[in-house]
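Follow the chain with the model open beside you.

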Amino acid sequence: MDETDTSIDRIKRIVVQRLESLGRAGVTQLPRRAATAIEASSPQPKPTTAEPTRAVKQESTDDMKTGRSKDKATGLAVVQKEVAACTRCEELACSRTQTVFGVGDPKAKLCFFGEAPGADEDRLGEPFVGRAGKMLNDIIQKGMGLERSDVYILNVLKCRPPGNRNPSPEESANCREFFERQLEIINPKFICCLGTVAAQNLLETNIAVGKLRGKVHEYRGAKVVVTYHPSYLLRNPSAKKFTWDDIQLLLGEMGLPVPERTDR
Ligand code: SF4
């Protein structure tokens, strides 16, 4: 097989992957500009971004920037369609089962911001649904007295890094636009960063999570509290006490009472 065959096979694989993602996102027709994304995802000396379709980009820009959005759910659906078609990170776009956009109340006052989908999330298309998801549910329900449906949950990356490796800086940069637009639409008053990758990307810092936690930070008008990732808590149960402190800090900022704990 020569080099040309290899490139064609690769492009075919990307096209099939993309069409499947679009189908899962409910896209039944492709705009003409969609070809641009496919072209941009073919092998290039330096892989860069695939431009969203002009029509979709214009619609979402209007929705978010001018305040003419019909509602937040509509704005998020626009971004979600772009994410479903995204092939900016070639390795992730080829290996994902589906993109994992976010879940919860589009009008939530509180967002939980994590790292990237794992195997369960990649399979089910929803963030925090595995063991780490159960831990997060406990934090929300037992730790805060809220329901999962009261908040919005999203990640830095919308695609699973193979083998659950950490996102590369380039992948995080590629996906940044999407989480920024999600947060712009939702406009939460509070954000809880779960783990190093989430905190460092949101706050644009290299400071370790251990030094970021215990304080209130700021992201575009929202108060930000940093705590450990639920996966870390599963591996290091002794760190749960620190997360409990962080959640109390968050509850205090939100003006919510600290619920009685029955499981400690
Ligand atoms: S991780 Fe984000 S930027 Fe990269 S391919 Fe997936 S949706 Fe696109």
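Leu194 stands opposite Thr227 in strand 6. This is a predicted model, in which local features need pLDDT of at least 70, side-chain atom pairs count only at pLDDT 80 or more, and totals for chains, interfaces and linings use all residues. Residues are numbered from 1 along each chain as its sequence is written. Helices (H or I, at least four residues) and strands (E, at least two) are DSSP runs, numbered from the N terminus.

Strand 4 (residues 190-194) and strand 6 (residues 222-227) run parallel and are joined by 5 bridges. Two strands pair if DSSP finds at least two bridges between them. Strand 6 also has an antiparallel partner: strand 5 (residues 216-219), joined to strand 6 by 4 bridges. There, Glu218 stands opposite Lys223. The hairpin of strand 5 and strand 6 has 2 residues between the strands, and Arg220 takes a positive phi near 45° in this hairpin.

Now turn to strand 3 (residues 152-155). Which way do its residues point? Tyr152 and Leu154 point one way, while Ile153 and Asn155 point the other way. In a regular strand the side chains alternate between the two faces of the sheet. All four of these residues, Tyr152, Ile153, Leu154 and Asn155, are buried (20 or more other C-beta atoms within 10 Å of the residue's own; exposed means 12 or fewer, partly exposed in between; C-beta atoms are placed from the backbone).

Strand 3 has its own bridges. Strand 1 (residues 103-104) runs antiparallel to strand 3, with 2 bridges joining them. Gly104 stands opposite Tyr152 in that pairing. Strand 2 (residues 110-114) pairs with strand 3 in the parallel sense, over 4 bridges. Cys111 has Tyr152 as its bridge partner in strand 3.

Next comes the ligand. How many residues surround the ligand? There are 15, and the closest are Cys86, Cys89, Cys159, Asn174 and Cys175 (a residue is near a molecule or strand if its C-beta atom, placed from the backbone, lies within 6 Å of it). Two elements give two or more residues to this shell: helix 5 (90-95) and helix 8 (169-186). Helix 8 supplies the largest share, 4 residues. The shell around the ligand draws at least three residues from each of domain 1 (1-99) and domain 2 (100-264); the domain bounds come from an automatic or database domain assignment. By class, the shell has 9 nonpolar, 3 polar and 3 charged residues. Here Ala, Val, Leu, Ile, Met, Phe, Trp, Tyr, Cys and Pro count as nonpolar, Asp, Glu, Lys and Arg as charged, and the others, Gly among them, as polar.

Helix 9 (residues 196-203) is mostly covered, with 6 of its 8 residues buried. The buried ones are Thr196, Val197, Ala198, Ala199, Asn201 and Leu202. They pack against strand 2, helix 8, strand 4, helix 10 (209-212), strand 5 and strand 6. After helix 9 comes Glu204, with a positive phi near 50°.

Gly210 sits in helix 10. Is Gly210 buried or exposed? Gly210 is exposed, because 12 other C-beta atoms lie within 10 Å. Its C-alpha is 8.1 Å from that of Thr227, 17 residues apart in sequence.

Finally, the whole chain. It has 12 helices and 6 strands. Of its 264 residues, 41% count as buried. Among contacts (C-beta atoms, placed from the backbone, within 7 Å) between residues at least 6 apart in sequence, 69% join residues at least 24 apart.

Technical notes. Contact = placed C-beta atoms within 7 Å.
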